[in-house]
Amino acid sequence: MGVHRIVSCLFLFTLITPYVFVSGGECIAKEIEEDLRDKLAKEAIEILHKKIDDDQNGDLDLYESDEFLREELEYGGDFERHESLFEKDHLINKDDLWNTWTSSQVCNWTTEQMVEWLVDRLELEQYSETFQVNAVDGKMLPRLAVNHVQIMQKVLGILNPVHRHKISINAMDVVLFGPPKKPNNYIKDWTLVISVLLAVGGCFFAYVQHRYSQSHAQQVLKELESLQRAEDSLREYQERYSTCMHRTYTVV
C-alpha cells in the first residue's frame with residue numbers, strides 16, 4: 001500500500017513539475033524584462049538630464065530648463081507646466097528627475113493611451129499599428145524622448161527624421177512635465193458661439209415674422225370685413241333705389 005502511494009506521488013510530481021518550472025521561468029523572465037526596461041529608461045532620463053544641464057554641475061535650475069524649453073521644445077509661452085517641475089526643489093539632480101518621472105501618471109500609460117497620444121496630439125496615426133504591435137507603453141517614453149536609435153528606427157521603423165524629431169520633443173515634454181494640456185480649440189468654440197447666435201437670431205426673426213404675419217392677416221380680415229359691409233350697404237342702397245323708382249313709375 002505504501003509503495004502505491006509513493007508511486008502515485010512520484011507520478012503527480014512528474015506531471016506538475018514542468019508547469020511549476022514553466023510558470024516560475026515566466027515570472028523570472030518577466031522580472032528580468034521589467035528590470036531591463038527600468039534600466040534603459042533610467043539611462044535615458046540621465047541622458048535627458050545631461051542634455052538640459054548646460055553648466056554640467058549635476059543640477060538643473062529654472063534658467064537652464066527655461067532656455068531648453070525655448071530652444072529645444074520650441075515653447076513660446078504657457079510656462080505653468082514648466083514651473084510645476086520646480087515646485088518642490090529649485091535644483092533637480094538625476095535622481096530627482098528619475099523619481100519625478102516614475103511617480104508621474106504618464107509613466108504608467110498603457111499602449112492604448114500611447115496610441116491616443118500619438119494620433120490625437122502628434123497626428124502621426126500611420127505609426128499607431130507599430131506602437132500596438134510592439135506594445136509601446138509609457139515606460140518607453142524616456143527612450144523616445146532621447147531619440148533612441150534602437151527603438152525609433154530598428155524596432156518601430158520610424159525612418160522619417162522629421163517624424164522622429166516630433167515624437168522626441170513631445171515625449172520630452174510629457175516626461176518632464178506630465179500629460180499635455182488639452183489644446184484650446186478657439187475655432188471650434190467660436191463656431192459654436194456663432195451657431196448659437198445664429199440659431200437665436202433665426203428664432204427671433206421667425207417670431208417677428210410670425211407676429212407680423214398675424215397682424216397683417218388680421219388687418220386684411222378687417223379690410224375684407226369693411227369691403228363686405230360696404231358691398232352690403234351698396235346692395236341695400238340699390239334695392240331701395242329700385243323700389244323708389246318703381247313707386248315713381250307706378251304713380252305716373
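So, to start: which residues of helix 5 are buried? Helix 5 runs over residues 111–121, and the buried ones are Thr-111, Met-114, Val-115, Trp-117 and Leu-118. They sit on the same side of helix 5, because they cover an arc of only 155 degrees around the axis. Turn to the face pointing away from that buried side, and you find the exposed residues Glu-112 and Asp-120. And just past the end of helix 5, Glu-123 has a positive phi, about 60 degrees.

What covers those buried residues? Helix 6, helix 7 (141–145) and helix 9 (161–177) are among the elements that do.

Let's zoom in on Phe-131, which belongs to helix 6, residues 128–133. Phe-131 is buried, with a relative accessible area of 0%. From helix 5, Phe-131 touches Thr-111, Met-114, Val-115 and Leu-118, among others. Its other contacts include Val-136, Leu-144, Leu-156 and Ile-158.

Now for a contrast: Leu-197, in helix 10, residues 186–251. Leu-197 is exposed, at 58% relative accessible area. Together with Trp-190, Val-193, Ile-194 and Leu-198, Leu-197 makes a nonpolar surface patch of about 560 Å².

One caveat: this is a predicted model. Mean pLDDT is 77, with 71% of residues at 70 or more. Over residues 19–23, pLDDT stays under 50, and the model has zero contacts there beyond four places in sequence.

Note on methods. Residues numbered from 1 in each chain as written. Predicted model: local features only at pLDDT ≥ 70, side-chain atom pairs only at ≥ 80, totals over all residues. Heavy atoms only, no water. Patch = residues over 30% accessible without salt bridge, like charges linked within 9 Å, V, L, I, M, F, W, Y side chains within 5 Å. Areas by Shrake-Rupley, 256 points an atom, 1.4 Å probe, with all protein chains shown as cover. Salt bridge = Lys/Arg side-chain N within 4 Å of Asp/Glu carboxyl O. Helix = DSSP H or I, 4+ residues; strand = E, 2+ residues; numbered from the N terminus. Buried < 20%, exposed > 50% of the residue type's maximum accessible area, 1.4 Å probe, protein only. pLDDT = per-residue confidence, 0-100. Contact = heavy atoms within 4.5 Å. Arc of directions from axis to C-beta.
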